[in-house]
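Welcome! Try each task yourself before you read its solution.

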Amino acid sequence: MHLKLVALDAGMMRTVPKVALASREPRVVGMCYAAMCGLAEGCERACAELAANSALVQQLVLTSGGPAHSMGEAEGELLQRASELFLVLFNSAAATGALLRCDGLRCLEQMAASSPSQLHAARARQALHEHRGGFT
């Protein structure tokens, strides 16, 4: 946890999202998503900082909810990283609202129904179940 706070204080949660938004290379964006996911997991402060970046949240929702068929390797990796970060943020009280305002619920439903990763699909179904108060 101490390392996460040092990274946050160093401004990584402001710098890495800028790189993700500026890059056109799927592998670079995927690496940025992986870095953000590693810092955000279990750290509400990091989730709140990411959720405050509306452009990043919109890009993340669009990427995570995109079609999974006929993707190349780089695009498939990007979808996987985006889905991981989306799920970490959706399960954070600090970030759920920002995702919901950007059509995150539809994205989560899409992920639950058609994610190429069985783990992500199961986690998305669980998040939907919890979001709906245990009702499906």
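A polar contact is a pair of N or O atoms within 3.5 Å; within protein, one must be able to donate a hydrogen and the other to accept it. Keep in mind that this is a predicted model.

**Exercise 1. Find S92 and work out which residue its side chain joins in a polar contact.**

Start with the place: S92 sits in the loop between α6 (73-90) and α7 (96-101). Next, check its surroundings. Buried means under 20% relative accessible area, and S92 counts as buried because its relative accessibility is 2%. Now look for partners: leaving aside neighbours within four places in sequence, S92 is in contact with E44 and C47. Of the polar contact, we can say that the side chains of S92 and E44 are joined at 2.9 Å.

**Exercise 2. Decide whether A74 is buried or exposed, and name the residues it touches.**

First, locate A74 in helix α6. Its relative accessibility is 14%, so A74 counts as buried. Then set aside residues up to four places away in sequence: A74 touches P26 and R27. Finally, compare chain and space: A74 and R27 are 47 residues apart along the chain, yet 5.8 Å separates their C-alpha atoms.

**Exercise 3. Describe the aromatic pair formed by F86 and F90.**

A pair of aromatic rings is described by the distance of the centres and the angle of the planes. The count comes to one aromatic pair. F86 and F90 form this pair, with 5.9 Å centre to centre and 15° between the planes. Planes under 30 degrees apart count as stacked, and that is how F86 and F90 are classed. Both lie in helix α6, four residues apart, about one turn of the helix.

**Exercise 4. Where do the buried residues of α8 lie around its axis?**

List them: in α8 (residues 104-114), the buried residues are G104, C107, L108, M111 and A112. They cover an arc of only 135° around the axis, so they are on the same side of α8. For their packing, look to α5 (54-64), α6, α7 and α9 (118-131).

**Exercise 5. Tell the two faces of α9 apart.**

Begin with the buried residues of α9: H120, A121, A124, A127 and L128. Seen down the axis, they fall within an arc of 125°, so they line one face of the helix. Their cover includes α6 and α8. On the face turned away from the buried side, α9 carries the exposed residues Q118 and L119.

Technical notes:
Residues are numbered from 1 along each chain as its sequence is written. This is a predicted model: local features need pLDDT of at least 70, side-chain atom pairs count only at pLDDT 80 or more; totals for chains, interfaces and linings use all residues. Side-chain values use heavy atoms; hydrogens and water are left out. Buried means under 20% relative accessible area, exposed over 50%, partly exposed in between (1.4 Å probe, protein chains only). Contact means heavy atoms within 4.5 Å. The arc is that of the directions from the helix axis to the C-beta atoms. Rings of Phe, Tyr and Trp (its six-membered ring) pair if their centres lie within 6.5 Å; planes under 30 degrees apart count as stacked, over 60 as edge-to-face and the rest as tilted.
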